[in-house]
Amino acid sequence: MKVLVPVKRVLDYNLKVRVKADGTGVDLSNLKMSMNPFDEIAVEEAVRMKEGGGGHPAGTATEVVAISIGPEQAQETIRTALAMGADRGILVKAEGEVEPLAVAKLLKAIVDAEQPGLVILGKQAIDDDSNQVGQMLAALLDWPQATFASKIVVAGGKINVTREIDGGLQTLSLETPAIVTTDLRLNEPRYASLPNIMKAKKKPIDAKTPADLGVDVAPRLTVVKVADPPKRQGGAKVKTVQDLVAGLKAAGVI
Amino acid sequence: MPAPTGALTFDALRPPSPFMGETHRAWRDSLRKFIERELAPHVTEWDEAGHVPRDVFLKAGAFGLLGAGFPEQYGGWSEGFDRFHGIVTSEELARLGAGGVSAALMIHGIGLPPILAIGTEEMKQRIAPPVLRGEMQISLAITEPDAGSDVANLTTRAERRGEAYIVNGAKMYITGGMTSHYATTAVRTGGAGAGGVSLLLIDLSAKGVTRTPLKKQGWWASDTAALYFDDVEVPADHLIGAENQGFAGIMRNFNGERLGMASGATASARVCIEDAAAWAQQRQTFGKRLADHQVIRHKIAEMVQRVNATTAYLEHCAWRVTQGETPVADLCLLKVQATQTLEFCAREATQIMGGAGYMRGSRIERIYREVRVNAIGGGSEEIMRDLAARQLGL
């Protein structure tokens, strides 16, 4: 089974996000970018399917292909996936914002060409938190989907996916080909080792453009405003129970 | 360590390097993840406790930190590895602000190279793989109670008796000496001076070896020992290189060590700027931020000035080494430049942070206590300048 793993280049999760002064977005200038952590989990799962591990026998995946959509530098995000164990990469070069529907359409075009048995990707990216691409891709392909996977078992031509839902665990059984999106507890991604970083340099990355894939990526959404969350106000100490009750009443809580 | 943003952060303070490419960035990213997850949360605890737990060595071995730059056939990874990957490693470890943790984990960085350079094949195969997996630890034992920088005058004697050497003497200030399984030890096998020195691989659990722990100013997470040898029998095939040829093996080690120490010291100075600048921008005094007082602004600007100059010197020296040169005078002066920069930045950062920088548990407080080990260990500033002057034909 060939496995496709879309990976997104996002602002490093360790950094504090700063809203641009004009409120049009988030300041990304000169800041460290990394692979979206949920996508890292997807890469890890795909590589385990190939190499064996995490309950998957080796060879469950025959080939792991990492795809990224973004500027030239997104190639480094693909290299990270290659250093973790993916076999080859596809970079779709696109400057500026590419919205979830456009991403899903680009991925569909790649899926049509690659014919994978599974597309596994992060449930959402930590920059815009859209949580849409996996679902849209499933709809465009008319494939079964299981989102927020916390466990994946491939057996007898089916993909059984455990999802954490309110009040318990739900297990879905999917026919292949299928779409799976990953949640935080699925696995703990490996650190790319130095030799694998060196090997990744030699793995092929195909470059494409949205035009090659026949997809119009012009934005359809308008960002009205981006603002910082309201600053937390400092608390106040009260001396007596009466003061506390009066305060709560004044705040309209009781 | 959630990283602050702005121009005065550790990452923003690292000027883009013309000598570093995609693999250096990838190595930094991966190493940082490992360090953030496996080391950073524990360094204060380990430093206070005075040791790094054994399983951390195994994790560092499995990840490849210990083997980075060592030859593949002995369990390391060296294909495509250059001096700049080594610089990245030193910088990322320095970012912890816990030199004792790096000293503990990376002590094989000086203990192992003489074996790989001039040891027998059997010795390399037996020692290097377990060391690089983190299962075994090896120290370098050169300094003696009466001979430090003056390596050629060391007095620990090894006398050949049949198939063994009988070793008598003492070694002082040996990093990792309490916990290491082996020590690459400089001994006198011949006459006076440099021409009578050999290197012996000594099993520190052998009969006649006594070790005493030494308490020190900084680097608490790494143990330091005095080693005493009393008629210690060492098999003759534990000789590293030829008899009386040990001095060259010792000297060869120093150039790489100095480049590594200079990278670490420069990155530690960057940590000083990051923490002091963050504090200066947050702390209010006399109705304004500390950072708005000219005296503080100038301190921070001068720290940046010195660190950037040192970084440029460091990168140029490292580039010359990758071109096959051994610029001894510059490597010596670079080490002095780096440790003096660290000394300046540790001082100024502590002044800026005041009481907060004097309290235990902060990176600055630890770094301040690590200035001297950097300025003295691996060649003191005085020795470095003298060696440079001699190399320059004075």
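Predicted model: local features only at pLDDT ≥ 70, side-chain atom pairs only at ≥ 80, totals over all residues.
Local features need pLDDT of at least 70 and side-chain atom pairs count only at pLDDT 80 or more, with side-chain values using heavy atoms and leaving out hydrogens and water. Residues are numbered from 1 along each chain as its sequence is written, and chains are lettered from A in the order in which they are written.

**View 1. Packing of helices α1 and α4 of chain B.** Helix α1 (residues 22–39) and helix α4 (residues 83–94) pack at an angle of about 25°, their axes 10 Å apart. That makes α1(B) roughly parallel to α4(B) (angles under 35 degrees count as such). The contact (heavy atoms within 4.5 Å) involves residues of α1(B) including B:Trp27, B:Leu31 and B:Ile35, and residues of α4(B) including B:Phe84, B:Val88 and B:Leu93. By class, the contact residues are seven nonpolar, four polar and four charged.

View 2. Beyond neighbours within four places in sequence, the contacts of B:Thr184 include B:Pro114, B:Ile138, B:Leu199 and B:Ile240.

**View 3. B:Gly176 in the loop between β3 and β4.** Strand β3 covers residues 164–175 of chain B. B:Gly176 counts as buried, at 4% relative accessibility. Leaving aside neighbours within four places in sequence, B:Gly176 is in contact with B:Gln137, B:Ser139, B:Ser222 and B:Asp223. The C-alpha atoms of B:Gly176 and B:Pro114 are separated by 17 Å, and the two residues are 62 residues apart along the chain.

Conventions
Axes fitted to C-alpha atoms, helices over the stretch in contact; angles between N-to-C directions. Helix = DSSP H or I, 4+ residues; strand = E, 2+ residues; numbered from the N terminus. Parallel < 35°, antiparallel > 145°, perpendicular 65-115°, else oblique. Nonpolar A, V, L, I, M, F, W, Y, C, P; charged D, E, K, R; others polar. Buried < 20%, exposed > 50% of the residue type's maximum accessible area, 1.4 Å probe, protein only.
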